[in-house]
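Have the coordinates open as you read.

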Amino acid sequence: MTNSPARLAPRLILLAAAALLLVAVWWAVSAWRDWQKGYDPETVVAASLQGLQEQNVLVPFTARYVAVVTSTQSRLGLSAKKTLIMPGTVRYELDLGKLKQSDLDWNAATNALTVTLPPLRLAGPEIDIDAISEYRDGEILLTLTDAERTLDAANRKGAQAELIKQAKGTTPMRLAQGAARTAVEQSFAMPLKAAGIDAKVTARFAEAPTG
């Protein structure tokens, strides 16, 4: 018995509706998967890493130091001495361009991210020329010879070395590393939190894992 067009029409409508429902379900599942992927912790972390790399350099800490150095010279039975007081500012930089995917360790079981940072580097010192002061002794030798030029060169070299030595001290390095760790931890933690992911982020330096 042949089905009439009147009987086929409801079936075709049902089939079309079923097909549309399947398409809608497929689209909904795909959209849900894309949404889930967009908020996947590792995806968020990768995006955060790219943002930091594009930032290139982070300056988490700066400090001002004062070097006091004295040089002496003796010639022709005479002596001369000059003391230089030279302030300078040192920047502690973190090269974010060196931060790689392999430096990130995501623990899905504990929702914890560990970031291993490259070493801090020092930039400077930037000398505050207007704040430099000098004290001299031995005018005769300084006037009659080139002793002053020699002493000035020695003092400048010694003062810059002293500023860097102070900048590398235990306390300023600890403070600079702490500031760098905090900045990087926030840079990863905030996007994760915004994505609804409750994660613990820990940044560390390879040479000071317990810092």
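Strands here are DSSP runs of E with at least two residues, and helices are runs of H or I with at least four, both numbered from the N terminus. Threonine 83 lies in strand E2 (residues 78-95). This is a predicted model, where local features need pLDDT of at least 70 and side-chain atom pairs count only at pLDDT 80 or more, while totals for chains, interfaces and linings use all residues. Residues are numbered from 1 along each chain as its sequence is written, and side-chain values use heavy atoms, with hydrogens and water left out.

Threonine 83 counts as buried because its relative accessibility is 16% (buried is under 20%, exposed over 50%, partly exposed in between, with a 1.4 Å probe and protein chains only). Beyond its neighbours within four places in sequence, threonine 83 has contacts that include Val68, Ser133, Tyr135 and Asn155 (contact means heavy atoms within 4.5 Å).

Now to the sheet. Three strands form an open sheet in the order E3-E4-E7, with mixed pairing (two strands pair if DSSP finds at least two bridges between them). Its edge strands, each pairing on one side only, are E3 (104-107) and E7 (200-205). Strand E4 (residues 112-117) runs parallel to E7, joined by 6 bridges. Two opposite positions are listed here:

| Residue | Opposite residue in E7 |
|---|---|
| Alanine 112 | Lysine 200 |
| Threonine 116 | Arginine 204 |

The covered face of E7 has Val201, Ala203 and Phe205, and the uncovered one has Lys200, Thr202 and Arg204. In a regular strand, side chains alternate between the two faces of the sheet.
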